[in-house]
Amino acid sequence: MLSDVSATSLTFEANRARGAVRFDVHARDGVTRRGVLHESGSLRVRFPSPEGEGLSAVFVNTAGGVAGGDRFDVEIAAAEGARLTLTTAAAEKIYRAPGPAAQLSIGLKVGANAHLGWLPQETILFDRARVQRRFDIELDEAASLLLCEIVVFGRTAMGERMEQGEFVDRWRLSRGGRLVFAETVRLDGNIGAKLARSAIAKGGAAIGTALIVPGDEALVERLREASESFAGEVGISAWNGFAMARFCAQDAAALRADMMAVLARTGAALPRLWLN
């Protein structure tokens, strides 16, 4: 007979959300079209009317959020000459996890002269949330990429802060078959106290990253022209053929405004969902 602990563990595992989306896009006669699409579990993707050049896609998590032990996998390939912009229907919420961490895996592959924009809305971590996320990105030498992520530690609009939990974010970017960027961010334990440190977030509750390929010092200077409007702290630099902007702010609204100011300087068209 199973012990109460074993029975509870099995019940917990059986009720974890699983979701996966895998698809590719191709350019035909100057128009980007969707190829084969695979969806499973509680993760879905929809393709609204184009917001400009290329194809738009919106992820929908029918589970209503992410809890401990959940797993979501995304694999996307943009073939030569294709243009694709991805976002989410709403901010993604990561709930308290008494057991294993949630696992999020994103694989992006972009071919020659193709462009991919990864522009989800915010990821909000509730107190005691646990999540491990990984990005694996493969770019052709002639591909372009705009990848933006915003992470909010607590529901700041509700006056809540994330005090305890786990956040692991692993990014790997290869260009032309060569690894050009590798980073792993790990915050665990007393996250609230760590975010209060000057060398980490100086009390900020929201962080963000914009990765832009290709990128050079000329682009950096253009992005820095928006600095007078920044509500939080923003650092911008370029190396290995790409540019990166780092954001830190007291709340999600301030960081989102800073992110939009930077993206406006890149000439990128924001998804309509960002503007609602």
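A residue counts as partly exposed when its relative accessible area lies between the limits for buried, under 20%, and exposed, over 50%; the legends below apply this to a predicted model.

**View 1. The aromatic pair of Y95 and F126.** With 28% relative accessibility, Y95 falls between those limits and therefore counts as partly exposed, whereas F126, at a relative accessible area of 16%, is buried. Their rings form an edge-to-face pair, 4.9 Å centre to centre and with 70° between the planes. Because Y95 belongs to the loop between β7 (92–94) and β8, and F126 to the loop between β10 (123–125) and β11 (130–139), the pair ties together parts that are 31 residues apart in sequence.

View 2. The structure holds nine aromatic pairs, and one aromatic cluster is formed by F59, W118, F135 and W171. Elsewhere, the charged end of R256 sits over the ring of W274, at 5.0 Å from the ring centre.

View 3. T88, in strand β6 (residues 83–88), has 15% relative accessibility and so counts as buried. A polar atom of the T88 side chain lies 3.0 Å from the backbone oxygen of A90, and the side chain of T88 also reaches the backbone nitrogen of Q121 at 2.9 Å. Leaving aside residues up to four places away in sequence, T88 touches V58, F59, P120, Q121 and L273.

**View 4. The nonpolar cores.** In the largest nonpolar core, of 52 residues, I76, W118 and L173 touch the most other members. Strand β8 (residues 102–110) gives the most to this core, contributing five residues. A second, separate core of 29 residues has among its members I124, L219, A254 and L255.

Key
Residues numbered from 1 in each chain as written. Predicted model: local features only at pLDDT ≥ 70, side-chain atom pairs only at ≥ 80, totals over all residues. Heavy atoms only, no water. Helix = DSSP H or I, 4+ residues; strand = E, 2+ residues; numbered from the N terminus. Buried < 20%, exposed > 50% of the residue type's maximum accessible area, 1.4 Å probe, protein only. Polar contact = N/O pair within 3.5 Å; in protein donor to acceptor, adjacent residues only side chain to side chain. Contact = heavy atoms within 4.5 Å. Core = buried A, V, L, I, M, F, W, Y, C linked by side-chain atoms within 4.5 Å. Phe/Tyr/Trp six-rings, centres within 6.5 Å; stacked < 30°, edge-to-face > 60°. Lys NZ or Arg CZ within 6 Å of the ring centre and 35° of its normal.
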